[in-house]
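Try each task before you read its solution.

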Amino acid sequence: MNPTVPHHLSVAELAAEAAELLRVAADASHRGGGPGLLHTTEAAEAVGALAGLTARLPELLDRLEAFLSSEQAAGRIAPDPAGADAYDAIRTARDAREQLYEAGRTAALLADCMAAAAGTLAPLGAPRTAGGPTVPHA
């Protein structure tokens with residue numbers, strides 16, 4: 001794990017951190033007064049990193065779906081205290097599992113597309129020469 005990520009965070013907190021980092025990266029990519037994207041190398045590297053991220057999404061979604069299934073099988077899916085009945089809670093968990101399954105399939109397709117894009121852009125991600133000026137790709 002990245003040493004800057006606290007080990008005590010829950011899965012939900014880690015996912016929230018990842019979402020926030022993606023929001024910041026999206027903002028930084030078009031910052032008017034900031035650095036934004038300066039070279040195609042940065043774009044290629046970002047796509048490569050996103051390919052790695054998206055490759056992990058299907059597994060996480062599958063694990064969340066499996067967790068809900070095991071919780072339901074063990075009888076630990078219960079209504080919330082606000083008054084929903086047990087049937088509503090079970091139906092909600094079932095619907096969420098179906099949605100996570102579909103999200104996992106979509107995430108796998110996204111991961112394949114990102115891996116292809118990263119492969120295509122890899123030649124543009126060659127390291128810049130140290131000390132020399134960078135020449136933007138056309």
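**Exercise 1: a glutamate under cover**

Glu71 has 15% relative accessibility, so it counts as buried. Keep in mind that this is a predicted model.

Task: work out where Glu71 is found and what Glu71 touches, not counting residues up to four places away in sequence.

Solution. 
- Start with the cut-off: buried means under 20% relative accessible area. Glu71, at 15%, counts as buried.
- Next, find the element: Glu71 sits in helix α2, which covers residues 40-73.
- Then list the partners: leaving out residues up to four places away in sequence, Glu71 touches Arg76 and Ile77.

**Exercise 2: a buried arginine**

Task: find the place of Arg97, and say which side chain of opposite charge is nearest to Arg97.

Solution. 
- Arg97 belongs to helix α3, residues 86-121.
- The nearest side chain of opposite charge is Glu65, 5.6 Å away.
- A salt bridge needs a side-chain nitrogen within 4 Å of a carboxyl oxygen. Arg97 has no salt bridge, yet is buried.
- Setting aside residues up to four places away in sequence, Arg97 touches Glu65, Leu68, Ser69 and Gln72.

**Exercise 3: zooming out**

Task: how many helices and strands are there in the protein, and what share of its residues is buried?

Solution. 
- Count the elements: three helices and zero strands, in the pattern α-α-α along the sequence.
- Check burial: 16% of the 138 residues are buried.
- Look at the contacts: of those with a separation of 6 or more, 68% join residues 24 or more positions apart.

Methods. Residues are numbered from 1 along each chain as its sequence is written. This is a predicted model: local features need pLDDT of at least 70, side-chain atom pairs count only at pLDDT 80 or more; totals for chains, interfaces and linings use all residues. Side-chain values use heavy atoms; hydrogens and water are left out. Helices (H or I, at least four residues) and strands (E, at least two) are DSSP runs, numbered from the N terminus. Buried means under 20% relative accessible area, exposed over 50%, partly exposed in between (1.4 Å probe, protein chains only). Lys and Arg count as positive and Asp and Glu as negative; His and the chain ends are not counted. Contact means heavy atoms within 4.5 Å.
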